[in-house]
Amino acid sequence: MSYKLLLLLALFAATTCAGNIILIGDSRFCGMAYYVMGFDYTYIAPSWGTGSNIRSTTPITYNGYSIHVTAQVGASASTFMNSSKDVYTSMHRQLVQAAAGTKVFLWLGVNDLSSSSTLNLYKKLASAYTKLTFYAVSVTGVGSRATITNTQIKTLNSGIQSGTGSPSNLKWESILKDNDPTRIYNKSTKTVTFTVNDSTTDYYGLHYTTDGYRKIFDAMMADI
């Protein structure tokens with residue numbers, strides 16, 4: 001086999017096998033997984049919730065990453081700590097089966113502004129799965145009609161950030177410019193990719209356009 005062919009194969013592997021990723025979060029991760037990566041929604045049985053969720057049994061390859069998703073509409077930290085719910089079982093199944101070095105992105109908080117409960121979940125997961133790296137992603141902002149405020153979200157982020165680093169595999173991942181929840185920042189391009197009011201799709205400004213979700217994912221990937 002020629003040197004040029006070996007180099008070509010190495011470059012192909014580098015660009016198509018960037019690693020394993022698990023996304024754990026609320027309806028925002030549902031939206032990202034559905035609109036950007038092509039995961040299908042699964043209806044939640046009325047006995048334990050309404051709406052839709054994503055609990056992928058097989059990963060999807062996106063931008064070279066092998067991605068699993070456990071996300072639920074309206075989810076908060078308590079949802080993921082409730083052992084009677086399928087989403088709890090799905091999350092732990094994915095984490096148990098994950099290869100060492102898998103990167104787990106945690107994106108909760110907008111449904112429960114208690115940084116202590118969200119941080120408690122994050123710490124429990126990082127302590128239980130020490131071969132994985134967990135990233136507590138900063139919560140992004142909401143539109144002006146939302147029942148919560150961006151000031152509250154900024155306080156939430158500060159509380160979560162202050163508790164990361166212990167255990168050492170729980171890291172803080174900011175995708176914001178100057179800790180402003182309304183400005184999404186990509187560390188690779190060193191630019192603010194959009195502001196929340198420009199890229200939300202619903203009345204309350206909670207969820208994003210397909211382009212907005214894609215830019216948020218790119219911002220998440222830029223610092224790992």
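D223 counts as partly exposed because its relative accessibility is 38%, where partly exposed lies between buried, under 20% relative accessible area, and exposed, over 50% (1.4 Å probe, protein chains only). The model is predicted, so local features need pLDDT of at least 70 and side-chain atom pairs count only at pLDDT 80 or more, whereas totals for chains, interfaces and linings use all residues. Residues are numbered from 1 along each chain as its sequence is written, and side-chain values use heavy atoms, with hydrogens and water left out.

D223 lies in the segment after α8; helices (H or I, at least four residues) and strands (E, at least two) are DSSP runs, numbered from the N terminus. Residues up to four places away in sequence aside, D223 touches E173 and K187, a contact being heavy atoms within 4.5 Å. D223 and E173 are 50 residues apart along the chain, and their C-alpha atoms are separated by 7.7 Å.

The chain has eight helices and 11 strands. Of its 224 residues, 45% are buried. Among contacts between residues at least 6 apart in sequence, 66% join residues at least 24 apart.

Helix α2 is largely enclosed by the rest of the structure, because nine of its 11 residues are buried. The buried residues of α2 are S27, R28, F29, C30, G31, M32, A33, V36 and M37. After α2 comes G38, with a positive phi near 90°.

The axes of α2 (residues 27–37) and α8 (residues 210–221) come within 9 Å and cross at roughly 105°. The two helices are therefore roughly perpendicular. Axes are lines fitted to C-alpha atoms, for helices over the stretch in contact, and angles run from 0 to 180 degrees between N-to-C directions. Angles under 35 degrees count as roughly parallel, over 145 as roughly antiparallel, 65 to 115 as roughly perpendicular and the rest as oblique. On the α2 side the contact involves S27, R28, F29, G31, M32, Y35, V36 and M37, which meet T210, Y213, R214, I216, F217 and M220 of α8. By class, nine nonpolar, three polar and two charged residues take part in this contact. Ala, Val, Leu, Ile, Met, Phe, Trp, Tyr, Cys and Pro count as nonpolar, Asp, Glu, Lys and Arg as charged, and the others, Gly among them, as polar.

T133 is placed in strand β7 (residues 133–137). With a relative accessibility of 19%, T133 counts as buried. Its contacts, not counting residues up to four places away in sequence, are T102, K103, V104, N169 and K171.

N150 belongs to helix α6 (residues 150–163). A relative accessible area of 21% makes N150 partly exposed. Neighbours within four places in sequence aside, N150 is in contact with G141, V142, P181 and T182. N150 and D180 are 30 residues apart in sequence, with a C-alpha to C-alpha distance of 8.2 Å.

The lining of the largest pocket has five nonpolar, nine polar and two charged residues. Of these 16 lining residues, S56, T57, H68, Q94 and Q97 lie nearest the centre of the pocket. Two or more lining residues are given by each of β1 (19–25), β5 (65–72) and α4 (86–97). The largest share, four residues, comes from α4. On a 1 Å grid over the protein atoms alone, a pocket is an open set of points where a 1.4 Å probe fits, with protein on both sides within 12 Å along at least five of seven lines, and lining residues have an atom within 4 Å of a point.
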